[in-house]
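Take a look at the chain shown here.

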Amino acid sequence: MEEFKIPTKVFSGNDSLTWLQNITNKKVLMVCDAFLPGTPTLDRIKKNIEGKNEVTIFSDVKPDPPLENIMAGVKVFNKVQPNVVIGIGGGSAIDTGKAVRFFGEKLNKYTIDLFVAVPTTSGTGSEVTQHSVLTDTEHHKKAPIMEDNIIPDVALLDPQLVMTAPKSVSAFSGLDVLTHSLESLVAQDSNTITDALAEKAASVILHNLVECYRHGDNEAARKVVHEASCAAGMAFANAGLGIAHSIAHQLGANFHVPHGLACAMMLPHVVLYNASKSEYALHKYAEAFKKSGLVSNSMSDRIAVKRLAAQIQHMMIEMDCPQNLKAFGIDPAEATKMIDVIVDGAKKDGTFPGNPVVPSDEDLAALYKQVIK
(Lines give C-alpha, C1' and ligand atoms only; values in the text may rest on other atoms or scores of the structure.)
Protein backbone atom coordinates (compact mmCIF):
# COMPACT_ATOMS: atom_id res chain seq x y z
CA MET A 1 0.00 0.00 0.00
CA GLU A 2 1.41 3.39 -0.97
CA GLU A 3 0.96 6.40 1.28
CA PHE A 4 1.06 10.08 0.43
CA LYS A 5 0.40 12.82 2.96
CA ILE A 6 0.78 16.59 3.16
CA PRO A 7 -0.15 17.48 6.76
CA THR A 8 1.17 21.04 6.44
CA LYS A 9 -1.14 23.88 5.40
CA VAL A 10 0.77 26.04 2.92
CA PHE A 11 0.07 29.74 2.28
CA SER A 12 2.01 31.41 -0.53
CA GLY A 13 2.27 35.03 -1.65
CA ASN A 14 3.59 38.39 -0.48
CA ASP A 15 0.66 38.70 1.93
CA SER A 16 1.08 35.23 3.46
CA LEU A 17 2.62 36.57 6.69
CA THR A 18 -0.73 38.10 7.63
CA TRP A 19 -1.84 34.55 8.51
CA LEU A 20 0.16 35.01 11.72
CA GLN A 21 -2.52 37.43 12.92
CA ASN A 22 -4.63 34.33 13.68
CA ILE A 23 -2.31 33.60 16.62
CA THR A 24 -3.57 35.32 19.78
CA ASN A 25 -2.99 34.98 23.52
CA LYS A 26 -0.16 32.50 23.11
CA LYS A 27 3.37 32.12 24.41
CA VAL A 28 5.38 32.16 21.20
CA LEU A 29 8.98 30.99 20.81
CA MET A 30 10.51 32.32 17.60
CA VAL A 31 13.61 30.42 16.45
CA CYS A 32 15.46 32.39 13.78
CA ASP A 33 18.80 32.84 12.04
CA ALA A 34 21.36 34.76 14.11
CA PHE A 35 21.47 37.73 11.70
CA LEU A 36 17.69 38.30 11.61
CA PRO A 37 17.01 40.19 14.89
CA GLY A 38 16.87 43.91 14.14
CA THR A 39 16.31 43.42 10.40
CA PRO A 40 13.27 44.54 8.39
CA THR A 41 12.59 40.87 7.60
CA LEU A 42 12.05 39.91 11.23
CA ASP A 43 10.24 43.18 11.95
CA ARG A 44 7.72 42.35 9.19
CA ILE A 45 7.05 38.98 10.82
CA LYS A 46 6.95 40.27 14.40
CA LYS A 47 4.42 43.02 13.65
CA ASN A 48 1.87 40.32 12.83
CA ILE A 49 2.09 38.65 16.24
CA GLU A 50 3.43 41.15 18.77
CA GLY A 51 0.98 42.91 21.07
CA LYS A 52 -1.41 39.96 21.08
CA ASN A 53 1.11 37.35 22.29
CA GLU A 54 4.05 36.87 24.63
CA VAL A 55 7.00 36.54 22.23
CA THR A 56 10.50 35.19 22.99
CA ILE A 57 13.26 35.03 20.36
CA PHE A 58 16.00 32.38 20.22
CA SER A 59 18.52 33.28 17.53
CA ASP A 60 21.62 31.26 18.44
CA VAL A 61 21.29 29.29 15.20
CA LYS A 62 24.31 27.95 13.33
CA PRO A 63 24.62 26.30 9.90
CA ASP A 64 24.35 22.50 10.03
CA PRO A 65 22.87 22.86 13.54
CA PRO A 66 25.25 21.47 16.19
CA LEU A 67 23.65 19.46 18.99
CA GLU A 68 24.99 21.90 21.59
CA ASN A 69 23.03 24.76 19.97
CA ILE A 70 19.88 22.65 20.02
CA MET A 71 20.33 22.10 23.75
CA ALA A 72 20.74 25.87 24.24
CA GLY A 73 17.41 26.33 22.48
CA VAL A 74 15.80 23.62 24.60
CA LYS A 75 16.81 25.54 27.73
CA VAL A 76 14.88 28.54 26.42
CA PHE A 77 11.93 26.26 25.59
CA ASN A 78 12.00 24.89 29.14
CA LYS A 79 11.89 28.41 30.55
CA VAL A 80 9.23 29.82 28.22
CA GLN A 81 6.98 26.74 28.00
CA PRO A 82 5.60 27.95 24.63
CA ASN A 83 2.26 27.04 23.05
CA VAL A 84 3.55 28.04 19.61
CA VAL A 85 6.96 27.69 17.96
CA ILE A 86 7.80 29.62 14.78
CA GLY A 87 10.90 28.62 12.80
CA ILE A 88 12.16 31.49 10.63
CA GLY A 89 15.11 31.41 8.25
CA GLY A 90 16.97 28.93 6.11
CA GLY A 91 16.89 25.18 6.55
CA SER A 92 19.22 25.30 9.55
CA ALA A 93 16.93 27.69 11.44
CA ILE A 94 13.78 25.70 10.70
CA ASP A 95 15.57 22.42 11.53
CA THR A 96 16.75 24.00 14.79
CA GLY A 97 13.19 25.03 15.62
CA LYS A 98 11.92 21.52 14.86
CA ALA A 99 14.61 19.91 17.01
CA VAL A 100 14.07 22.33 19.91
CA ARG A 101 10.36 21.52 19.72
CA PHE A 102 11.10 17.75 19.59
CA PHE A 103 13.33 17.67 22.68
CA GLY A 104 11.39 20.37 24.50
CA GLU A 105 8.13 18.44 24.25
CA LYS A 106 9.78 15.23 25.42
CA LEU A 107 11.46 16.86 28.43
CA ASN A 108 8.40 18.87 29.46
CA LYS A 109 5.88 16.12 28.68
CA TYR A 110 3.43 18.23 26.71
CA THR A 111 2.64 19.00 23.06
CA ILE A 112 2.62 22.53 21.66
CA ASP A 113 -0.48 23.83 19.90
CA LEU A 114 1.19 24.95 16.68
CA PHE A 115 4.45 24.95 14.74
CA VAL A 116 4.79 27.51 11.93
CA ALA A 117 7.66 27.51 9.42
CA VAL A 118 8.64 30.68 7.56
CA PRO A 119 11.47 29.88 5.11
CA THR A 120 13.73 32.72 4.00
CA THR A 121 15.63 30.56 1.50
CA SER A 122 14.31 28.42 -1.35
CA GLY A 123 16.06 25.16 -0.68
CA THR A 124 15.58 22.61 2.03
CA GLY A 125 11.80 22.15 1.97
CA SER A 126 12.06 21.76 5.74
CA GLU A 127 8.78 23.66 6.09
CA VAL A 128 6.86 20.54 4.97
CA THR A 129 9.05 17.60 6.01
CA GLN A 130 9.54 15.28 8.97
CA HIS A 131 13.31 15.80 8.93
CA SER A 132 15.58 17.85 11.13
CA VAL A 133 19.23 17.36 10.19
CA LEU A 134 21.59 18.09 13.08
CA THR A 135 25.36 17.75 13.39
CA ASP A 136 27.31 15.77 15.97
CA THR A 137 30.44 17.93 15.82
CA GLU A 138 32.41 15.69 18.19
CA HIS A 139 32.07 12.65 15.91
CA HIS A 140 31.89 14.57 12.59
CA LYS A 141 28.59 13.09 11.50
CA LYS A 142 25.01 14.08 10.84
CA ALA A 143 22.42 13.24 13.49
CA PRO A 144 19.02 13.44 11.78
CA ILE A 145 15.65 13.36 13.52
CA MET A 146 12.96 11.79 11.31
CA GLU A 147 9.61 11.96 13.10
CA ASP A 148 6.14 12.80 11.80
CA ASN A 149 5.35 14.84 14.90
CA ILE A 150 7.88 17.53 13.93
CA ILE A 151 6.25 18.25 10.56
CA PRO A 152 5.21 21.93 10.66
CA ASP A 153 1.48 22.61 10.88
CA VAL A 154 1.67 25.73 8.73
CA ALA A 155 4.19 26.99 6.15
CA LEU A 156 4.20 30.62 5.01
CA LEU A 157 5.93 31.21 1.66
CA ASP A 158 6.58 34.92 1.17
CA PRO A 159 8.77 35.52 -1.90
CA GLN A 160 9.84 38.91 -0.56
CA LEU A 161 11.72 37.16 2.25
CA VAL A 162 14.10 35.46 -0.20
CA MET A 163 14.78 38.41 -2.47
CA THR A 164 17.65 39.71 -0.33
CA ALA A 165 19.40 36.34 -0.02
CA PRO A 166 23.10 36.44 -0.98
CA LYS A 167 23.83 35.07 -4.44
CA SER A 168 25.66 32.03 -3.10
CA VAL A 169 22.72 31.15 -0.85
CA SER A 170 20.31 31.43 -3.80
CA ALA A 171 22.54 29.15 -5.86
CA PHE A 172 23.29 26.50 -3.24
CA SER A 173 19.77 26.30 -1.85
CA GLY A 174 18.25 26.18 -5.33
CA LEU A 175 20.55 23.34 -6.34
CA ASP A 176 19.40 21.54 -3.20
CA VAL A 177 15.84 21.80 -4.58
CA LEU A 178 17.00 20.25 -7.85
CA THR A 179 18.66 17.43 -5.91
CA HIS A 180 15.50 16.82 -3.88
CA SER A 181 13.52 16.73 -7.13
CA LEU A 182 15.74 14.33 -9.06
CA GLU A 183 16.43 12.04 -6.10
CA SER A 184 12.78 11.74 -5.04
CA LEU A 185 11.85 11.13 -8.69
CA VAL A 186 13.71 7.79 -8.73
CA ALA A 187 13.53 6.95 -5.01
CA GLN A 188 12.24 3.61 -3.79
CA ASP A 189 8.94 5.02 -2.49
CA SER A 190 8.17 7.31 -5.42
CA ASN A 191 4.72 7.21 -6.97
CA THR A 192 2.63 9.12 -9.50
CA ILE A 193 1.87 11.93 -7.05
CA THR A 194 5.45 12.46 -5.87
CA ASP A 195 6.61 12.24 -9.49
CA ALA A 196 4.29 15.10 -10.45
CA LEU A 197 5.72 17.32 -7.70
CA ALA A 198 9.32 16.31 -8.43
CA GLU A 199 9.06 16.81 -12.20
CA LYS A 200 7.46 20.24 -11.85
CA ALA A 201 9.95 21.38 -9.21
CA ALA A 202 12.88 20.22 -11.36
CA SER A 203 11.52 22.08 -14.38
CA VAL A 204 11.02 25.29 -12.40
CA ILE A 205 14.60 25.17 -11.09
CA LEU A 206 16.10 24.36 -14.48
CA HIS A 207 14.28 27.34 -16.01
CA ASN A 208 14.40 29.92 -13.21
CA LEU A 209 17.26 29.40 -10.74
CA VAL A 210 19.97 31.16 -12.75
CA GLU A 211 17.57 34.09 -13.23
CA CYS A 212 17.09 34.31 -9.45
CA TYR A 213 20.87 34.24 -9.04
CA ARG A 214 21.41 37.03 -11.57
CA HIS A 215 18.39 39.16 -10.69
CA GLY A 216 17.46 38.56 -7.08
CA ASP A 217 14.71 41.18 -7.20
CA ASN A 218 12.69 39.28 -9.83
CA GLU A 219 9.70 38.55 -7.60
CA ALA A 220 7.89 36.34 -10.13
CA ALA A 221 10.92 34.06 -10.51
CA ARG A 222 11.52 34.08 -6.75
CA LYS A 223 7.90 33.07 -6.08
CA VAL A 224 7.90 30.03 -8.37
CA VAL A 225 11.31 28.87 -7.10
CA HIS A 226 10.09 29.27 -3.49
CA GLU A 227 7.03 27.17 -4.31
CA ALA A 228 9.17 24.62 -6.16
CA SER A 229 11.30 24.24 -3.04
CA CYS A 230 8.17 23.44 -1.06
CA ALA A 231 6.89 21.03 -3.74
CA ALA A 232 10.21 19.18 -3.81
CA GLY A 233 10.04 18.96 -0.01
CA MET A 234 6.62 17.33 -0.28
CA ALA A 235 8.00 14.92 -2.88
CA PHE A 236 10.97 13.69 -0.87
CA ALA A 237 9.08 13.64 2.43
CA ASN A 238 6.91 10.96 0.85
CA ALA A 239 9.22 9.29 -1.70
CA GLY A 240 12.62 9.44 -0.01
CA LEU A 241 16.03 10.53 -1.28
CA GLY A 242 19.22 8.76 -2.34
CA ILE A 243 22.99 8.60 -2.36
CA ALA A 244 23.63 12.15 -3.58
CA HIS A 245 22.32 13.19 -0.17
CA SER A 246 23.99 10.28 1.64
CA ILE A 247 27.43 11.36 0.42
CA ALA A 248 26.66 15.10 0.58
CA HIS A 249 25.89 14.77 4.29
CA GLN A 250 29.43 13.39 4.77
CA LEU A 251 30.96 16.27 2.81
CA GLY A 252 29.13 18.68 5.11
CA ALA A 253 30.06 16.91 8.32
CA ASN A 254 33.75 16.38 7.45
CA PHE A 255 34.66 19.34 5.22
CA HIS A 256 31.95 21.91 6.10
CA VAL A 257 30.74 22.14 2.52
CA PRO A 258 27.36 23.96 2.52
CA HIS A 259 24.64 21.35 2.14
CA GLY A 260 23.16 22.53 -1.16
CA LEU A 261 26.61 22.85 -2.73
CA ALA A 262 27.60 19.37 -1.51
CA CYS A 263 24.42 17.98 -3.08
CA ALA A 264 25.11 19.81 -6.34
CA MET A 265 28.68 18.45 -6.48
CA MET A 266 27.34 14.90 -6.18
CA LEU A 267 24.16 15.18 -8.24
CA PRO A 268 25.39 14.88 -11.87
CA HIS A 269 27.62 11.92 -10.96
CA VAL A 270 24.83 10.14 -9.08
CA VAL A 271 22.36 10.76 -11.93
CA LEU A 272 24.76 9.17 -14.42
CA TYR A 273 25.55 6.30 -12.03
CA ASN A 274 21.90 5.45 -11.31
CA ALA A 275 21.02 5.73 -15.00
CA SER A 276 23.86 3.35 -15.91
CA LYS A 277 22.62 0.72 -13.44
CA SER A 278 18.83 1.04 -13.73
CA GLU A 279 16.65 1.34 -16.84
CA TYR A 280 13.89 2.57 -14.52
CA ALA A 281 16.02 5.48 -13.28
CA LEU A 282 17.33 6.17 -16.78
CA HIS A 283 13.81 6.55 -18.18
CA LYS A 284 12.48 8.65 -15.30
CA TYR A 285 15.38 11.12 -15.42
CA ALA A 286 15.07 11.39 -19.21
CA GLU A 287 11.29 11.78 -19.15
CA ALA A 288 11.50 14.58 -16.58
CA PHE A 289 14.18 16.44 -18.56
CA LYS A 290 12.19 16.09 -21.78
CA LYS A 291 9.08 17.45 -20.05
CA SER A 292 11.09 20.52 -19.07
CA GLY A 293 11.34 21.35 -22.78
CA LEU A 294 15.12 21.71 -22.67
CA VAL A 295 15.69 18.70 -24.96
CA SER A 296 13.65 17.13 -27.73
CA ASN A 297 11.11 14.41 -26.94
CA SER A 298 12.64 12.35 -29.75
CA MET A 299 16.07 12.27 -28.10
CA SER A 300 17.16 8.89 -26.75
CA ASP A 301 16.90 8.47 -22.98
CA ARG A 302 20.62 7.87 -22.60
CA ILE A 303 21.64 11.04 -24.43
CA ALA A 304 18.95 13.03 -22.58
CA VAL A 305 20.37 11.95 -19.22
CA LYS A 306 23.89 12.91 -20.30
CA ARG A 307 22.50 16.32 -21.28
CA LEU A 308 20.77 16.59 -17.89
CA ALA A 309 24.04 15.95 -16.03
CA ALA A 310 25.78 18.48 -18.26
CA GLN A 311 22.98 21.01 -17.64
CA ILE A 312 23.47 20.72 -13.87
CA GLN A 313 27.20 21.36 -14.25
CA HIS A 314 26.54 24.25 -16.65
CA MET A 315 24.21 25.87 -14.11
CA MET A 316 26.93 25.52 -11.46
CA ILE A 317 29.40 27.29 -13.74
CA GLU A 318 26.89 30.08 -14.47
CA MET A 319 26.38 30.60 -10.72
CA ASP A 320 30.08 30.43 -9.83
CA CYS A 321 29.74 27.23 -7.77
CA PRO A 322 32.84 25.08 -7.14
CA GLN A 323 32.19 21.64 -8.65
CA ASN A 324 34.60 19.65 -6.50
CA LEU A 325 36.32 19.67 -3.13
CA LYS A 326 39.61 21.00 -4.52
CA ALA A 327 37.83 24.01 -6.01
CA PHE A 328 36.11 24.51 -2.65
CA GLY A 329 39.52 24.66 -0.96
CA ILE A 330 40.01 21.11 0.34
CA ASP A 331 43.41 19.47 -0.21
CA PRO A 332 42.80 16.42 -2.47
CA ALA A 333 45.34 14.42 -0.47
CA GLU A 334 43.40 15.05 2.75
CA ALA A 335 40.11 14.25 1.03
CA THR A 336 41.53 11.00 -0.33
CA LYS A 337 42.47 9.87 3.19
CA MET A 338 38.80 10.11 4.12
CA ILE A 339 37.44 7.65 1.53
CA ASP A 340 36.63 4.89 4.03
CA VAL A 341 35.05 7.36 6.49
CA ILE A 342 32.89 8.90 3.75
CA VAL A 343 31.75 5.52 2.42
CA ASP A 344 30.96 4.18 5.90
CA GLY A 345 29.03 7.32 6.81
CA ALA A 346 27.09 7.33 3.55
CA LYS A 347 25.95 3.73 4.07
CA LYS A 348 24.67 4.57 7.54
CA ASP A 349 22.87 7.74 6.42
CA GLY A 350 19.08 7.79 6.63
CA THR A 351 18.76 8.74 2.95
CA PHE A 352 20.82 5.77 1.69
CA PRO A 353 18.00 3.16 1.50
CA GLY A 354 15.92 5.33 -0.84
CA ASN A 355 18.32 5.10 -3.77
CA PRO A 356 16.98 3.09 -6.73
CA VAL A 357 20.28 1.19 -6.96
CA VAL A 358 22.10 -0.40 -4.01
CA PRO A 359 25.72 0.67 -4.57
CA SER A 360 28.73 -1.36 -3.51
CA ASP A 361 31.42 0.18 -1.32
CA GLU A 362 33.53 0.47 -4.45
CA ASP A 363 30.75 2.32 -6.25
CA LEU A 364 30.39 4.79 -3.38
CA ALA A 365 34.16 5.33 -3.27
CA ALA A 366 34.24 5.93 -7.03
CA LEU A 367 31.42 8.48 -6.78
CA TYR A 368 33.21 10.29 -3.96
CA LYS A 369 36.49 10.31 -5.89
CA GLN A 370 34.68 12.11 -8.73
CA VAL A 371 34.36 15.19 -6.52
CA ILE A 372 37.85 15.14 -4.97
CA LYS A 373 39.80 16.19 -8.13
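## A strand in the middle

Ile-88 stands opposite Val-118, a residue of strand β5. This is a predicted model. Strand β4 covers residues 84-89, and it pairs with β5 in the parallel sense over six bridges. Between the two strands, the chain passes through helix α3, residues 91-108. This β-α-β crossover from β4 to β5 is right-handed.

β5 has another partner. It pairs with strand β8, residues 154-157, again in the parallel sense. Two bridges join β5 and β8. In one of the pairings, Ala-117 has Ala-155 of β8 as its bridge partner.

## Both faces covered

Buried here means under 20% relative accessible area.

In a regular strand, side chains alternate between the two faces of the sheet. In β5, Leu-114, Val-116 and Val-118 are on one side. Phe-115, Ala-117 and Pro-119 are on the other. The residues on both sides are all buried, and both faces of β5 are covered.

## Another β-α-β unit

Now move toward the start of the chain. Strand β2 spans residues 27-32, and strand β3 spans residues 54-58. The two run parallel and are joined by five bridges. Within this pair, Val-31 stands opposite Phe-58 of β3.

Helix α1, residues 40-46, belongs with these strands. Together β2, α1 and β3 make a right-handed β-α-β unit.

The UniProt record, an unreviewed entry, places "domain: Alcohol dehydrogenase iron-type/glycerol dehydrogenase GldA" at residues 7-159. Over this range the chain is 25% helix and 28% strand. The end C-alpha atoms of the range are 22 Å apart.

UniProt also lists "domain: Fe-containing alcohol dehydrogenase-like C-terminal" at residues 171-370, again from an unreviewed entry. What are the helix and strand percentages over residues 171-370? The chain there is 76% helix and 0% strand. Its end C-alpha atoms are 21 Å apart.

## The largest pocket

The largest pocket has a volume of about 1100 Å³. It is lined by 48 residues. Which of them lie nearest its centre? They are Gly-90, Gly-91, Ser-92, Thr-121 and Thr-124.

Several elements supply at least two lining residues each: α3, β6 (131-136), β7 (141-146), α4 (167-186), α7 (243-255) and α8 (259-277). The largest share, six residues, comes from α4. By class, the lining has 18 nonpolar, 23 polar and seven charged residues.

## Buried residues in helices

Next come some buried residues in helices. Ala-198 sits in helix α5, residues 192-214. Its relative accessibility is 1%, so Ala-198 counts as buried. Ala-198 and Val-271 are 73 residues apart in sequence. In space they are 15 Å apart, C-alpha to C-alpha.

Met-315 is in helix α10. It also counts as buried, at 1% relative accessibility. Met-315 and Ala-264 are 51 residues apart in sequence and 9.9 Å apart in space, C-alpha to C-alpha.

His-269 is found in helix α8. Is His-269 buried or exposed? With a relative accessible area of 14%, it is buried. His-269 and Gln-370 are 101 residues apart along the chain, and their C-alpha atoms are separated by 7.4 Å.

## Positive phi in two loops

His-256 is not a glycine, although it has a positive phi of about 60°. Where is His-256 placed? It is in the loop between α7 and α8. His-256 is exposed, with a relative accessible area of 60%.

Asp-320 is not a glycine either, and it has a positive phi of about 60°. It lies in the loop between α10 (301-318) and α11 (325-328). At 65% relative accessibility, Asp-320 counts as exposed. The cut-off for exposed is over 50%.

Key:
Residues are numbered from 1 along each chain as its sequence is written. This is a predicted model: local features need pLDDT of at least 70, side-chain atom pairs count only at pLDDT 80 or more; totals for chains, interfaces and linings use all residues. Side-chain values use heavy atoms; hydrogens and water are left out. UniProt positions are given in the numbering used here, feature names are shortened, and annotations may be inferred rather than shown by experiment. Helices (H or I, at least four residues) and strands (E, at least two) are DSSP runs, numbered from the N terminus. Buried means under 20% relative accessible area, exposed over 50%, partly exposed in between (1.4 Å probe, protein chains only). Two strands pair if DSSP finds at least two bridges between them. A crossover is right-handed if, with the strands pointing away from the viewer, the path from the first strand over the helix to the second runs clockwise. On a 1 Å grid over the protein atoms alone, a cavity is a set of points where a 1.4 Å probe fits but cannot get out, and a pocket is an open set with protein on both sides within 12 Å along at least five of seven lines; lining residues have an atom within 4 Å of a point. Grid points are joined across faces, edges and corners, and a volume is the space filled by probe spheres set on the points. Ala, Val, Leu, Ile, Met, Phe, Trp, Tyr, Cys and Pro count as nonpolar, Asp, Glu, Lys and Arg as charged, and the others, Gly among them, as polar.
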